[in-house]
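This briefing concerns a single protein chain. Please consult the sequence and the structure while reading.

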Amino acid sequence: MPQGIPCSPPGRYGHPGRLHPAPEVPSGGGKRTTGMPVSMGNEAEAAVLPRPGDGTKAPSAGSLTLLVIEDDPAGSLAVPEMLDASGGRLRVRTARNLTEAERLLTDDVHCILLDLALTDGPAVPGAPAAALPAARGGEGAVPEEGERDELEILRRVLRMAPRHAVLALTAEDDAERAAEAVRVGAQDFLFRGELDGRVLNRAIRYAVERKRADLAQRQLTESRLRAQENARLERGLLPTPLLDGSELRFAARYRPGRSRALLGGDFYDTVRTADGTVHAMIGDVCGHGPDEAALGVELRIAWRALTFAGLCGDQLLGTLQRVLEHERSSDEIFATICTVDIAPDGRRAGLCLAGHPAPLVAGGGRGPRLLPYGEGGGPALGVLPGARWPRTQVQLGGSWSLMMYTDGLIEGRVGQGRARLGQEGMLGIVGQRMAAGLRGEALLDAVLTEARELNGDELTDDVAVMLLDRG
């Protein structure tokens, strides 16, 4: 073992013959030299060390840095000398109080060795019995005047260094307080008589790894809680169709393009107003992030409110465009939308398109086909100020299925080439599945499954599909 520096004469808990390790002491050039006793050199070291960071560096295979917090004026606390894997000594810094400790607590410190007898804590004269552990005079003991709560020192260190491993140091006859220190938050405890290199080395490495595991588990738990909260929030933002009193059957499927998200920039809704008209809407905000998802929710809620207020067609879309212009984060953000209002008798509908693909309808002995949209619809919302959106009247017949969708469904690839599914490909898939007798949710599931298979993987864009059936 390399030659150390003899420790000072035994103090209140000194051990003859122990060696103080040679601590890190910064020289004028910024390099560290050795040879100063552990209990000295705090002010010089604190003057050049950076402020504490948010976390500790993971120790290498052998190197460790220990911060010792003890205030014995004689410096009698002897930290045994230890060698790391490369043959270097354990790096030790010593603080006499918590103020010095905070200056020395940098990111490269791996572990704190705290003397529970430190007299840096607040006095607790007249404190209740619960403030002191039972080992200090038995359960129900009342502290004497000027007595201090030693575990309060530990609590302060834990608050000061929430991401550092902490070892509590106490006397051999204080086992109960040592166990209480672990319950308060220390990673482990040591008795002063156990301070040999083998035990301390093992305790430090165990404490560091346990702290890292605790932090990882806490982060994992917090991530799971945030994910659960986000999922509940996003589920609450998805629409609940209001079709009470209508003979129409409703089905929908929603697939956000963002990984692990429930809500994307696509949005849809269906409501029935007091006159018996069923209003359906589907739209798409450009982009896939949370801001686009939030804007889509705002437009959906605005559409529902405006519809119940009696607006439809060009007047409704013009108002939605003003909402978009006020709420979007950039002038480049736009949204496409398709609205359909189905007459109370269910046989005809009004169609408005704002840069959105036309819905398809099947029924009356005919296969699926795109609804005609007269003058070609209007531009997407947020593109042209003062734009107009013509409303086209279409005949549905007595028995029909109406499917509305976003472009995420039809922009998937077909095979390995550059070809896209497109509206014609979608019509073919829907026609085949309907000929096989599929309806409602089963039809939507089959269409989405085949679109993904043709794409060779999950569809990367948000996808919303809505189906209304009559008869």
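The model is predicted: local features need pLDDT of at least 70, side-chain atom pairs count only at pLDDT 80 or more, and totals for chains, interfaces and linings use all residues. Residues are numbered from 1 along each chain as its sequence is written, and side-chain values use heavy atoms, with hydrogens and water left out.

**Overall fold**
- The protein chain contains 10 helices and 19 strands (DSSP runs numbered from the N terminus: helices are H or I of at least four residues, strands E of at least two).
- Of its 471 residues, 49% count as buried, meaning under 20% relative accessible area with a 1.4 Å probe, protein chains only.

**Helix 9 and helix 10**
- The axes of helix 9 (residues 422–435) and helix 10 (residues 440–455) come within 10 Å and cross at roughly 135°; axes are lines fitted to C-alpha atoms over the stretch in contact, with angles from 0 to 180 degrees between N-to-C directions.
- Helix 9 contributes Ile429, Val430, Gln432, Arg433 and Met434 to the contact, and helix 10 contributes Leu443, Ala446, Val447, Glu450 and Leu454; contact means heavy atoms within 4.5 Å.

**Val463**
- Val463 belongs to strand 19 (residues 463–470) and counts as buried because its relative accessibility is 3%.
- The C-alpha atoms of Val463 and Tyr405 are separated by 7.4 Å, although these residues are 58 residues apart along the chain.
- Leaving aside residues up to four places away in sequence, Val463 touches Arg253, Tyr254, Arg255, Asp266, Thr406, Gly408, Leu409 and Leu448.

How values were computed: Buried means under 20% relative accessible area, exposed over 50%, partly exposed in between (1.4 Å probe, protein chains only).
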